[in-house]
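This briefing is meant to be read with the sequence and the structure side by side. The points are grouped by topic.

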Amino acid sequence: VQLVESGGGLVQAGGSLRLSCAASGSIFSINAMGWYRLAPGKERELVAAISTISSGGTTHYADSVKGRFTISRDNAKNTLSLQMNSLKPEDTAMYYCAACERGIATMMEEAYGYDYWGQGTQVTVSS
C-alpha cells in the first residue's frame with residue numbers, strides 16, 4: 001500500500017486547510033485510515049481516524065481537534081481527507097497519512113497502530 005499526502009501549507013491562525021491522501025496498491029486489506037502529526041519536541045499524535053464503511057465508518061478525533069477537524073474517506077477514489085478549520089499555531093506539525101489492516105481500535109490504542117505510512121505534508125499556522 002502506498003500513501004501520498006498533499007494539501008499542506010502556510011495559513012494564518014483561524015484559517016483552514018484541507019489535506020488529502022491518495023492510496024494505491026493492496027488497499028483491500030485496509031480496515032482503517034487516519035492522520036498523525038508530529039511536531040518538534042512533541043510526541044506523535046493520532047489526530048483523526050476512520051474505519052472502512054464495511055467496518056462501520058467509525059471516526060475518532062483527538063480532543064485537541066474535536067469540533068475543528070473532519071476526517072472523511074472517498075472509497076471510489078481511494079482518498080482520505082482531513083478538513084482543518086479554525087487552525088491554531090499549536091496545530092503546526094508534519095501531518096502523515098496512515099493505514100491500518102487491524103482496524104481503528106488498533107490505531108487508537110497502540111503507539112504504532114498502523115501498517116503503512118506516507119511521506120508527510122507540512123502544516124504551518126502563523127499567529
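This is a predicted model: local features need pLDDT of at least 70, side-chain atom pairs count only at pLDDT 80 or more; totals for chains, interfaces and linings use all residues.

**Strands, pairings and selected residues**

Strand S9, which spans residues 93-100, pairs with S11 in the antiparallel sense, and three bridges join the two.

- Strand S11 covers residues 121-126, and its covered face consists of Thr-121, Val-123 and Val-125, whereas Gln-122, Thr-124 and Ser-126 make up the uncovered face.

**The four-stranded sheet**

- Four strands form an open sheet in the order S1-S3-S8-S7, and their pairing is antiparallel.
- The edges of this sheet are strand S1 (2-6) and strand S7 (69-74), each of which pairs on one side only, and neighbouring strands of the sheet are turned against each other by 15 degrees on average, with direction ignored.
- Strand S3 (residues 17-24) runs antiparallel to strand S8 (residues 79-84), to which six bridges join it, and Arg-18 stands opposite Gln-83 of S8.
- S8 also pairs with S7, again in the antiparallel sense and over six bridges, with Asp-74 standing opposite Thr-79 of S8.

**Glu-5, a buried acidic residue**

- Glu-5, which lies in strand S1, is buried yet has no salt bridge, and the nearest side chain of opposite charge, that of Arg-44, is 12 Å away.
- Which backbone nitrogens lie 3.0 Å and 2.9 Å from a polar atom of the side chain of Glu-5? The nitrogen at 3.0 Å belongs to Gln-119, and the one at 2.9 Å belongs to Gly-120.
- Not counting residues up to four places away in sequence, Glu-5 touches a set of residues that includes Ser-20, Cys-21, Trp-35, Tyr-95, Cys-97 and Thr-121.

**Asp-91, in the loop between S8 and S9**

- Asp-91 is found in the loop between S8 and S9, and this residue counts as buried because its relative accessibility is 1%, under the 20% limit for that class.
- The side chain of Asp-91 makes a polar contact of 2.7 Å with the side chain of Arg-68.
- When neighbours within four places in sequence are left aside, the residues in contact with Asp-91 are Arg-37, Arg-68, Phe-69, Ser-86, Val-123 and Val-125, and of these, Val-123 and Val-125 belong to the covered face of S11.

**Two non-glycine residues with positive phi**

- Asn-78 is not a glycine, and yet its phi is positive, at about 55 degrees; this residue lies in the loop between S7 and S8, a hairpin with four residues between the strands.
- Asn-78 has 31% relative accessibility and therefore counts as partly exposed.
- Ser-86, likewise not a glycine, has a positive phi of about 50 degrees and has its place in the loop between S8 and S9.
- Is Ser-86 buried or partly exposed? Ser-86 counts as partly exposed, because its relative accessibility is 41%.

Conventions: Residues are numbered from 1 along each chain as its sequence is written. Side-chain values use heavy atoms; hydrogens and water are left out. Buried means under 20% relative accessible area, exposed over 50%, partly exposed in between (1.4 Å probe, protein chains only). Two strands pair if DSSP finds at least two bridges between them. Axes are lines fitted to C-alpha atoms, for helices over the stretch in contact, and angles run from 0 to 180 degrees between N-to-C directions. Lys and Arg count as positive and Asp and Glu as negative; His and the chain ends are not counted. A salt bridge is a side-chain nitrogen of Lys or Arg within 4 Å of a carboxyl oxygen of Asp or Glu. A polar contact is a pair of N or O atoms within 3.5 Å; within protein, one must be able to donate a hydrogen and the other to accept it, and residues adjacent in sequence count only if both atoms are side-chain atoms. Contact means heavy atoms within 4.5 Å.
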